[in-house]
Amino acid sequence: MNSNNRTLVWDLPTRLFHWLLALAVIGLVVTGKVGGNLIDWHGRIGLVVAGLIVFRLVWGVLGSTYARFATFFPTPGRIAAYLRGEWRGLGHNPLGALSVFALIGVLTVQLLTGLVANDDIAFAGPLHDLVGRDFSNLATSWHRLAVNVLIVLVVLHLAAIMFYAHVKKDNLVKPMVRGWKEGGGEPARGGGLVALLVALALAAAAVYAASGAWLPEPPPPPPAVTTPAW
Amino acid sequence: MKNKLMLALLATALTATAHAQVKTEDAIKWRQSAYATMGWSMARIKANVEGTYNKDEVIKAANVIQAIANSGMGALYVPGSDKGKGWVDTRVKPELFTDGAKVGKIAGDFNQAANELAKVAATGDAGAVKNAFGKLGGTCKSCHDDYRNK
């Protein structure tokens with residue numbers, strides 16, 4: 001950006017999204033596995049992820065060049081070219097793009113199932129009451145099984161970063177922290193303030209929708225005198 | 001011969017009294033009812049911990065869980081009840097019937113946590129109850145994770 005050998009790849013919102021999501025996923029896996037009173041935090045972090053995922057979906061359309069889905073959508077042609085070693089681009093390479101979409105997909109499944117799940121102990125997702133108990137149990141099963149897919153994807157993601165760092169001598173972490181990459185290329189453009197505000201507003205709406213705060217209040221409990229004292 | 005027959009009959013009758021034969025369907029129904037009742041009690045305690053704390057409500061609920069935890073529910077896991085329908089189809093995994101020591105450890109932890117919750121509920125210390133409640137929930141989860149079909 002400011003010198004010839006630096007090219008902006010990841011805009012600041014994309015980087016913030018990435019690292020917040022990484023923290024959230026760690027928090028979710030830990031709180032989900034440990035359970036107990038931490039399950040309440042699992043629910044809270046889940047709402048944050050609702051906002052993050054919706055933000056990223058919007059940013060994939062309104063964000064800057066390399067954050068846009070259209071830029072890195074892994075078409076078979078692009079994947080084939082990449083595997084032949086003919087891909088010359090910046091941002092997500094076609095295989096990395098597969099990983100991006102897979103992660104967003106699994107996290108969306110986890111999000112939607114988690115919102116209506118229950119643990120048969122003392123916790124239920126904020127939208128649990130919208131679906132029947134049977135469906136909630138089914139969603140809970142998917143939630144419990146799909147977390148394994150998520151963990152596998154995260155391990156693959158980390159393994160790919162190690163592979164790039166040690167074998168291809170390409171540090172992928174630094175650009176995700178600083179935003180720019182050494183070398184030339186088209187710098188990222190677009191994703192201005194208006195786009196950011198729109199994405200943030202939709203993310204906030206998603207958190208509100210997921211929280212169930214809009215659900216009608218349960219009817220007030222009947223006065224105590226109407227139930228027998230025993 | 002007649003004596004032997006009488007003896008055999010008597011023995012059968014005695015055994016039957018000692019181990020009242022539980023029908024699979026009943027065993028599963030009772031299990032499910034016990035868990036549902038504990039679910040009610042857990043929800044009750046949670047409502048008190050998160051909202052206005054009512055000591056008596058929590059004591060009642062904690063005592064219910066303690067009583068069920070110490071009722072010897074293992075007796076309801078009769079052989080063959082790894083499949084079948086009580087109120088709904090059982091979701092227990094067959095491993096629960098074969099992993100004796102590990103299941104026993106979980107059951108023991110659960111009993112202990114239920115006793116601890118009842119103990120602190122009696123003091124009316126909301127913070128301590130919240131802690132004990134979380135620990136108890138953790139023991140529920142350890143069994144759900146390993147011995148319930150997903």
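Analyst: Start with a record, then check it against the model. This model is predicted. The unreviewed UniProt entry lists B:Cys140, B:Cys143 and B:His144 under "binding site".

User: In which element do B:Cys143 and B:His144 sit?

Analyst: B:Cys143 is placed in helix 5 of chain B. B:His144 also lies in helix 5 of chain B.

User: Why does B:Cys143 count as partly exposed?

Analyst: Count C-beta neighbours. A residue is buried with 20 or more others within 10 Å, exposed with 12 or fewer, and partly exposed in between. B:Cys143 has 16 such neighbours inside 10 Å, so partly exposed is its class. B:His144 has 17, and therefore counts as partly exposed too.

User: How many helices and strands does chain B have?

Analyst: Five helices and zero strands. Along the sequence, the pattern of chain B reads α-α-α-α-α.

User: What share of chain B is buried?

Analyst: Of its 150 residues, 21% are buried. Take contacts in chain B between residues at least 6 apart in sequence: 70% of them join residues at least 24 apart.

User: Which residues of helix 2 of chain B are buried?

Analyst: First, the general idea. An α-helix has 3.6 residues a turn, so residues three or four places apart point the same way. Now the case. The buried residues of helix 2 are B:Ala27, B:Ile28, B:Met38, B:Ser41, B:Met42, B:Ile45 and B:Asn48.

User: What covers the buried residues of helix 2 of chain B?

Analyst: The cover includes helix 3 (55-69) and helix 5 (126-147) of chain B. Helix 5 is also the place of B:Cys143.

User: What does the record list for chain A under "transmembrane region"?

Analyst: UniProt, in an unreviewed entry, lists residues 16-34, 41-59, 95-117, 145-167 and 188-210 of chain A. Check such segments for helix content and end-to-end distance. Residues 95-117 of chain A are 96% helix and 0% strand, with end C-alpha atoms 32 Å apart. Residues 145-167 of chain A are 96% helix and 0% strand, with end C-alpha atoms 33 Å apart.

User: How many residues of chain A are in contact with chain B?

Analyst: 10 residues of chain A, in contact with 13 residues of chain B. The chain A side divides into three nonpolar, four polar and three charged residues.

Technical notes
Residues numbered from 1 in each chain as written. Chains lettered and ligands numbered in written order. Predicted model: local features only at pLDDT ≥ 70, side-chain atom pairs only at ≥ 80, totals over all residues. UniProt positions renumbered as here; feature names shortened; annotations may be inferred. Helix = DSSP H or I, 4+ residues; strand = E, 2+ residues; numbered from the N terminus. Contact = placed C-beta atoms within 7 Å. Nonpolar A, V, L, I, M, F, W, Y, C, P; charged D, E, K, R; others polar.
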